[in-house]
Amino acid sequence: MKRTTPAALLAAALLGTLLTGCGGDASAGDATHVTVTVGYQSKTINTVTAGTLLRSLGYFERELAAQGKRDGITYKVDWQDYATGAPITAQMTAGKIDIGSMGDFPLLINAARGKQLNRPTRLVAVTGYNLRGALNTVVTAPQSKLGSLKDLKGKTVSTSVGSAADGTLVRALQQAGLDPNEDIRKLNQQPSVGASALQAGSTDALSQFVAWPGLLAFQGKAKALYDGAELNLPTFHGVTVRKDFAEQRPKVLDAFLAAQIDATRYLNEHPVQAAEKVAEATGLPAEVVYLYNGSGGIATFDPAVKPQLVAALKKDVPVLRSAKLVGDVDVDAFVDDGPLKRLYGSAYAKQLAATPAPSGNEVWLKGEDRTRAFDSPAALLEFVAAHKNQIRAAYVPDATTGTRWYADRAVWVRQGQKVSPFVTASGARAYTQAHPGARTVSYAAALEQAS
């Protein structure tokens, strides 16, 4: 079967950018006017505290204005929006982007390309993370007969090669006993193209990062086949900066990180309002944004570069190396949370030790600017059954992985009076096999039992 050569595609993209923008410096300006160029991914909502939400709140511009008064410089921010991390890396290595945000696998490619092209970069902060890997999901068409990853043998799967979602796909297939190079036909596509391909039937499955799986499921255009949390390996997105920029303009980097800290605080203290702001800026449904970024959402937002995330990054290197996307990457040299430590001071140790609270059961009613929490899935179902016409969204955690999902898109299992939700049919099947008397029921039946 004919396959795309990922290394060749990435090399071509990098070369093209270098030829068109060779020798540029994104922060170039005269002595009193400086433009700072930030690359972000508006629809990759796990990066919003360094991108979409940060831009919407205007916190970076506020910090730069204050810095400008101190040093007599007028700063301007040029926000550049991309669909994936690869073009951000290409622009950074061409000297045309100063600060960027991307997922863990693209971050490693960013480190490798930066070193290769003598434009070294550094990972300076984290945006959102999930300690089990739930930010990446494999989905199929709603009526697909595929029931597990093993069923993908001989099938076509769309993903973005070199992305975190591609890494999840490779690892998941290997865990299922399949060769990701030989047992499937992989299509290297942008997320939006892959989503269209899934709807058109030209691909059997789609492996993507936030917010594509949740968006397609919310729209009724896909169902989850594999929950990335089954890997039980942390995945995250982070902030990378050109090393020369950080050294030449450390106060600008400090301003960015300070603004990111404030944006993170805003998101955590005002999750519904933050979801609405991101929805307005991206065109994504607020219900989808909240699935990932809400209180107890799939993503936890904390700028601290936690040891378990660095350890996971090191485990990612062999996967990318086997795909010939990178050689050896010195992760320890790439990670530099020194500026963040200085900003947090003694509070940084507390940030490093902080762990996310388990996802809970929540209902978002129409017309309300807050959600309602429930002690159990059964209690949530009882409330939903009594307020059917008022429900904007209802969220439940997977009974095994803890991954938040939509209640009406979850696979439900009944065991006596107990009901349990699952993201995937395979997860529900594993549960029923291990619990005699448990059986899968429809969402309507689960609601009827609760009413």
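I take buried to mean under 20% relative accessible area, exposed over 50%, and partly exposed in between, with a 1.4 Å probe and protein chains only. By that cut-off, 59% of the 451 residues of the protein chain count as buried.

Notes on the source. The model is predicted, so I use local features only at pLDDT of at least 70 and side-chain atom pairs only at pLDDT 80 or more, while totals for chains, interfaces and linings use all residues. Residues are numbered from 1 along each chain as its sequence is written, and side-chain values use heavy atoms, with hydrogens and water left out.

Overall form. I looked up the radius of gyration, taken over C-alpha atoms. The protein chain has 22 Å, which agrees with the value near 22 Å for a compact globule of 451 residues; the globule rule is 2.2 Å times the number of residues to the power 0.38. The C-alpha trace spans about 70 × 50 × 35 Å along its principal axes.

Cores. A nonpolar core is a set of buried Ala, Val, Leu, Ile, Met, Phe, Trp, Tyr and Cys residues joined through side-chain atoms within 4.5 Å. The largest has 122 residues, and Val363 and Trp412 are among those with the most contacts inside it. Helix α10, residues 250-269, gives the most to this core, with 10 residues; helices are DSSP runs of H or I, at least four residues, numbered from the N terminus. Apart from this core lies another of 17 residues, including Leu149 and Tyr226.

Val363. I counted contacts as heavy atoms within 4.5 Å. Leaving out residues up to four places away in sequence, Val363 touches Phe374, Leu380 and Ile391, among others.

Definitions and conventions
Helices (H or I, at least four residues) and strands (E, at least two) are DSSP runs, numbered from the N terminus.
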